[in-house]
Amino acid sequence: KMSRLLDIKTLAGFDFSFQPSLDRNRILTLAQLDFIDRHEVVHFLGQPGCGKTHLAIALGVEAVKAGRSVYFTTLADLVSSLSKAEREGSLRERIRFLCRPQLLVVDEIGYLPVIAGGGNLFFQLVNARYERGAMILTSNRGFSEWSEVFGDTVVATALLDRLLHHAVVVRIEGASYRLRRHADLIPDP
Ligand code: ADP
Ligand code: MG
């Protein structure tokens, strides 16, 4: 996880010309950080390699530069830390800890199936932060697939109710930056 944190991604290092579907001004507006003060949720949606994690980290870097507190995690790590805290009887403390940062980035929703009970634990955190702290979420799956991702329709519906109420949804339609030199491998949309 350290290597990921040290792999600093910046807005300056993001090539907007590679993602013409992405509105550069929308990202630059997000970089003004008003969404943090309004306790909003920013969703980056798109296929693997389209730049979701890069943009999430870059906005996190802007927030840190502006003196905001930021915590970065993946959904899998977050759920496993909540699950461990629950087993150890310290779930409330863990949730309180995760409510402290002004911006919580939860990366990689949808790549791995969430462990049993994980959606419920994530919901408890989301509910605790609801209208109190900002989040950036990234996912390669559409909202309609969240029942599948979380293995639970009731929990997915409750999560989306909170996470779409004060939300900014940024859909990145473009291809993988990782595969940019292998255009022949990328299927036509
Ligand atoms: P995702 O999280 O959507 O799977 P990433 O943000 O990890 O994709 O991007 C994959 C790699 O490509 C990273 O090294 C990232 O820095 C780089 N990358 C993606 N999009 C761009 C872009 N438009 N300009 C510069 N680098 C990019
Ligand atoms: Mg990613």
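**Close-up views of a predicted protein–ligand model**

Figure 1. The model holds zero disulfides, where a disulfide is a pair of cysteine sulfur atoms within 2.5 Å. Cysteine 50 is buried at 2% relative accessibility, whereas cysteine 99 is partly exposed at 28%. Buried stands for under 20% relative accessible area, exposed for over 50%, and partly exposed for values in between (1.4 Å probe, protein chains only). This is a predicted model, in which local features need pLDDT of at least 70 and side-chain atom pairs count only at pLDDT 80 or more, while totals for chains, interfaces and linings use all residues. Residues are numbered from 1 along each chain as its sequence is written, chains are lettered from A and ligands numbered from 1 in the order in which they are written, and side-chain values use heavy atoms, with hydrogens and water left out.

**Figure 2. Surroundings of ligand 1.** Around ligand 1 there are 15 residues, of which Asp15, Gly49, Lys52, Thr53 and His54 come nearest; a residue belongs to this set if one of its heavy atoms lies within 4 Å of the ligand. A polar side-chain atom of threonine 53 is 2.7 Å from an oxygen atom of ligand 1. Polar backbone atoms also face ligand oxygen atoms, at 3.1 Å for glycine 51 and at 3.3 Å for cysteine 50. On its own, ligand 1 has 550 Å² of accessible area, and the protein covers 87% of that (Shrake-Rupley method, 1.4 Å probe; for residues, only the protein chains shown count as cover).

Figure 3. Arginine 68 sits in the loop between α4 (52-65) and β2 (70-74). Helices (H or I, at least four residues) and strands (E, at least two) are DSSP runs numbered from the N terminus. With a relative accessible area of 19%, arginine 68 counts as buried. Its side chain forms a polar contact of 2.9 Å with the side chain of aspartate 37; such a contact is a pair of N or O atoms within 3.5 Å, and within protein one must be able to donate a hydrogen and the other to accept it, with residues adjacent in sequence counting only if both atoms are side-chain atoms. Leaving out residues up to four places away in sequence, arginine 68 touches Leu33, Ile36, Asp37, Ala63 and Gln102 (heavy atoms within 4.5 Å).

**Figure 4. Context in the protein chain.** The protein chain has nine helices and five strands. Buried residues make up 45% of its 189 residues.
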